[in-house]
Amino acid sequence: LGDVYKRQSMANTGSYFVGWFTLALINAGLAQGKGRNGLIWFIISLFVGPFATLLIVVFENLNKQRHF
């Protein structure tokens with residue numbers, strides 16, 4: 001029973017890291033779409049994850065074009 005639990009725990013940990021890395025890639029794309037440096041936001045996202053997503057969404061779009 002201990003081996004089964006250990007394998008499941010390792011699989012869950014791997015899934016967690018894949019999800020975190022995927023979120024960092026998505027955040028890099030969001031940041032670039034708002035005129036910010038995608039690489040910097042990718043690195044920030046590796047450390048703070050969903051909090052970086054919130055910041056990217058809240059920060060002003062630097063590519064804004066005004067249409068009157």
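## Contacts of K34

Two residues are in contact when heavy atoms of theirs lie within 4.5 Å. In this predicted model, K34 is in contact with I56, V57, F59, E60, N61, L62 and N63, once its neighbours within four places in sequence are set aside. K34 sits in the loop between α1 and α2.

K34 is buried but forms no salt bridge. The nearest side chain of opposite charge belongs to E60, at 9.3 Å, and a salt bridge requires a side-chain nitrogen of Lys or Arg within 4 Å of a carboxyl oxygen of Asp or Glu. The side chain of K34 does have a polar atom 2.8 Å from the backbone oxygen of F59.

## Overall fold

The protein contains three helices and zero strands, and its pattern along the sequence is α-α-α. Contacts between residues 24 or more positions apart make up 55% of the contacts with a separation of 6 or more.

Of the 68 residues, 18% count as buried. The accessible surface of the protein is about 5,400 Å², and carbon and sulfur atoms account for 67% of that surface.

## Aromatic pairs

There are four aromatic pairs in the structure. One of them joins F21 and F42: the ring centres are 5.5 Å apart and the planes stand at 90 degrees, so the pair is edge-to-face. The cut-off for that label is an angle over 60 degrees. Because F21 belongs to helix α1 (residues 2-33) and F42 to helix α2 (residues 38-48), the pair ties together parts that are 21 residues apart in sequence.

F21 is partly exposed, at a relative accessible area of 43%, whereas F42 is buried, at 17%. Elsewhere, ring pairs link Y16, F17 and W20 into a cluster.

## S45 in helix α2

S45 is a residue of helix α2. Its relative accessibility is 0%, so S45 counts as buried; the threshold for that class is under 20%.

Apart from neighbours within four places in sequence, S45 is in contact with W20, A24, N27 and A52. Of these partners, W20 is also a member of the ring cluster with Y16 and F17.

Key: Residues numbered from 1 in each chain as written. Predicted model: local features only at pLDDT ≥ 70, side-chain atom pairs only at ≥ 80, totals over all residues. Heavy atoms only, no water. Helix = DSSP H or I, 4+ residues; strand = E, 2+ residues; numbered from the N terminus. Buried < 20%, exposed > 50% of the residue type's maximum accessible area, 1.4 Å probe, protein only. Areas by Shrake-Rupley, 256 points an atom, 1.4 Å probe, with all protein chains shown as cover. Phe/Tyr/Trp six-rings, centres within 6.5 Å; stacked < 30°, edge-to-face > 60°. Lys, Arg positive; Asp, Glu negative; His and termini not counted. Polar contact = N/O pair within 3.5 Å; in protein donor to acceptor, adjacent residues only side chain to side chain.
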